[in-house]
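Colleague: I would be grateful for a close look at one part of this model, namely its aromatic pairs and their surroundings.

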Amino acid sequence: MFRVGPLTYFVLVLALLVLGYAAVTDQQGLLAGSALVLAAASWPLGGIWRWTALAVYPAAFLATLVLPGSAPTVPELLGALCVIGGLGLLTLREQASVREMAWQHNTIDALRVGSERLADARDADAIIRAGVGILDKLRVAPNLAFVAYRKGTPHILAAKGAYEVFLEQPIHPSDSDSRSVQADHWVAEEALTLLPKTQRQKYHVAPVYGRATTHLGVLIITRAEDRDFDEDEKSVIASFARLLGSQLGQWQAISDLRDANEVTLRSLGAALERRDDDTGGHTSRVVSMSVRLARRMSWDEDQVKALRWGAYLHDLGKLAIPDRILHKQGPLDAGERRIIQTHTTVGYDMLQDLHFLPAETLDLVRYHHERWDGTGYPAALRGQNIPETARVFSIVDVFDALTNARPYKPAWTRERALNEIRMQAGRQFDPQYVDAFLRMMAEHDDARLVS
């Protein structure tokens, strides 16, 4: 970009002086040359300065006509007209170039800021909001809406300008015609009628597709001025629609993968418990109770997920325990106890190749039989050295084991089990988490009484 400095102003003043001298002395060649220099010097200043030469040269030429003894020839008149036309053309082209540079700069800035927001978005709605924010910053048009389908009905999920009052609003047919709600032209027509005609003098509609041409929604852009969208604007909108579709498609693929992981782990947990628990239900109970306790303590969703996945998989290592030990009626001897205690490290080792599992999940599988006083297994960890997920889960796991029958013991009453958990605070369990667990169970009991 041209840098405006003292030299620019010096040339500008000098050009004005020479132009004045040329007008007084009726030197048409010098007049035209100084006008061109004046144009070159004034353009970098921007604003009305760009029109200086086009305004000053005709005034100077007219001044030569009124000077005594001046009689311009036809070639001189034609030359002056050519100079004026050339200055006008150059000025207009310069203005267009400046607008183009401003548009490009604004586009680059919007995409830079927007890409950061898209990268930080954690779900589809956040991606859509960030995307519409990018398009709004591009200033293609003041009124923007992104329409996508929720349970078969199109909704405005993000909006700017006049569309903001319709945010989250479903779009229904305005008549009883039977038309597919998946048709972009129908959705666009209905969305456009939401705005008064003054706000939709011109509009543009751009479909958004994800991977494998999956239809994800439609962008609707309107402006109040009667000016068509040019090819550059349409190209930017199309590029933006592809970017938004790519981000949404990537998020959907990751979401589908997470759902598949969740279903797989839940199914694996349910299958595992059938080997250890003929009645079933242990895994679903400890998962549900663990999640409730974690959310009660305001854990973030990533921690809750790690805890939930660990609860699914906590007894995976029991696959390696012989049936004669796993299903033995009565107490285990010392050797059998050592064998069954290996299920924590065996389960941990079996999960090493599942790289999508967070460390907190693996910690739970390995350390959920550690004790607060350091007498647990497999590593005899003590107190705060025991991972959080393992400390929380151990309380829930023991409570469920106590209140349900096992081959070696009958089921305890709820009150007896809660009292045992209370007594083990500071010995087997983290006292802080025991308090939270007991409050949760008391509130649950109160809710049952009220209902």
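Is W309 buried or exposed, and what is its relative accessible area? Please continue from there to the ring pairing.

Modeller: The model is a predicted one. Within it, W309 has a relative accessible area of 3%; because the limit for burial is under 20%, W309 is classed as buried. Its ring takes part in one of the 2 aromatic pairs counted. The partner is F356: the two ring centres are 5.7 Å apart and the planes meet at 85°, so W309 and F356 are arranged edge-to-face. W309 belongs to helix 9 (residues 301–313), whereas F356 sits in the loop between helix 12 (343–350) and helix 13 (359–367), so the pair ties together parts 47 residues apart in sequence. F356 is partly exposed, at 36% relative accessibility.

An edge-to-face arrangement also describes F399 and F437, with 5.5 Å from centre to centre and 65° between the planes. This pair links distant parts of the chain, 38 residues apart, with F399 in helix 14 and F437 in helix 16 (residues 431–450). Both F399 and F437 are buried.

Helix 14 (residues 388–402) also holds T389, which is buried at 5% relative accessibility. A polar atom of the T389 side chain lies 2.9 Å from the backbone oxygen of E360. Beyond its neighbours within four places in sequence, T389 is in contact with W299, L307, E360, D363 and L364.

Two arginines complete the account of the rings: R223 lies over the face of F229, 3.9 Å from the ring centre, and R416 lies over the face of W412, at 3.6 Å from the ring centre.

Notes: Residues numbered from 1 in each chain as written. Predicted model: local features only at pLDDT ≥ 70, side-chain atom pairs only at ≥ 80, totals over all residues. Heavy atoms only, no water. Helix = DSSP H or I, 4+ residues; strand = E, 2+ residues; numbered from the N terminus. Buried < 20%, exposed > 50% of the residue type's maximum accessible area, 1.4 Å probe, protein only. Polar contact = N/O pair within 3.5 Å; in protein donor to acceptor, adjacent residues only side chain to side chain. Contact = heavy atoms within 4.5 Å. Phe/Tyr/Trp six-rings, centres within 6.5 Å; stacked < 30°, edge-to-face > 60°. Lys NZ or Arg CZ within 6 Å of the ring centre and 35° of its normal.
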